[in-house]
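Here's a quick briefing to read alongside the model. Have the viewer open as you go through it.

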Amino acid sequence: MQLTPRNRIEVMHGVNLDQLGRRAPEHYGRMSLTELEARISNDAGQLGLVTRFFHTNHEGDFVEHLHRLEGLADGIVLNPGAWTHYSYAIRDALELTELPAIEVHLSDVQDREEWRRHSVIAELCVAHVAGNGPPGYREALERLQTELSST
């Protein structure tokens with residue numbers, strides 16, 4: 001019996017991430033979301049991973065997308081933006097996926113406002129990457145690749 005590779009990664013971006021390149025470049029850099037996703041796709045390809053991307057500014061759409069991932073993804077890299085800090089709806093939907101997930105933030109959330117330091121999804125994620133800018137996504141992909149190859 002031949003095993004199929006577990007290499008399908010859903011990359012999910014939440015609220016305001018479509019404003020990258022425009023919003024607070026001192027925290028988020030100057031790269032647009034389109035440029036960031038191209039970089040992530042390239043890094044994933046180098047690692048033998050296949051990515052699909054999703055972005056929304058609507059919390060319910062983010063939740064619904066998580067609900068639809070069964071059979072479509074082997075793991076998730078997600079940056080829910082501000083929803084990270086208070087959306088129990090996203091937390092519950094992420095838990096329902098039963099997929100390994102890596103939480104990513106471009107900025108160092110621990111070195112910013114107090115309210116940004118709490119993540120309601122943290123305990124559901126196998127790793128967290130924050131403060132590394134765009135290269136943090138490659139770190140997340142590498143960590144997820146390790147997780148998928150060990151299960």
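Rings of Phe, Tyr and Trp (its six-membered ring) count as a pair if their centres lie within 6.5 Å, with planes under 30 degrees apart called stacked, over 60 edge-to-face and the rest tilted. By that rule, F54, F62 and W83 make up one aromatic cluster. Keep in mind that this is a predicted model, where local features need pLDDT of at least 70, side-chain atom pairs count only at pLDDT 80 or more, and totals for chains, interfaces and linings use all residues. Numbering runs from 1 along each chain as its sequence is written, and side-chain values use heavy atoms, with hydrogens and water left out.

**Aromatics**
- There are two aromatic pairs in the structure.
- In one of them, the ring centres of F62 and W83 sit 5.6 Å apart with the planes at 65°, so this pair is edge-to-face.
- F62 belongs to helix α3 and W83 to the loop between β3 and α4, so the pair links distant parts of the chain, 21 residues apart (helices are DSSP runs of H or I, at least four residues, and strands runs of E, at least two, numbered from the N terminus).
- F62 and W83 are both buried, meaning under 20% relative accessible area with a 1.4 Å probe, protein chains only.

**Strand β1 and its partners**
- Five of the six residues in β1 (residues 8-13) are buried.
- β1 runs parallel to β2 (residues 50-55), joined by six bridges; strands pair if DSSP finds at least two bridges between them.
- H13 is opposite H55 in β2.
- β1 also pairs with β3 (residues 75-79), again in the parallel sense, over five bridges, and I9 faces G75 there.

**Helix α4**
- Which residues of α4 (residues 88-97) are buried? They are I90, R91, A93, L94 and T97.
- They span an arc of only 165° around the axis, which puts them on the same side of α4; the arc is taken from the directions from the helix axis to the C-beta atoms.
- Those buried residues pack against α3 (59-67), β3 and β4 (101-105), where contact means heavy atoms within 4.5 Å.
- After α4 comes E98, with a positive phi near 55°.

**Nonpolar cores**
- A nonpolar core is a set of buried Ala, Val, Leu, Ile, Met, Phe, Trp, Tyr and Cys residues joined through side-chain atoms within 4.5 Å.
- The largest one has 22 residues, and those with the most contacts inside it are I9, L20, V77, I102, V104, Y137 and L141.
- α5 gives this core its largest share, five residues.
- Apart from this core lies another, of 19 residues, including W83 and L94.

Definitions and conventions. Buried < 20%, exposed > 50% of the residue type's maximum accessible area, 1.4 Å probe, protein only.
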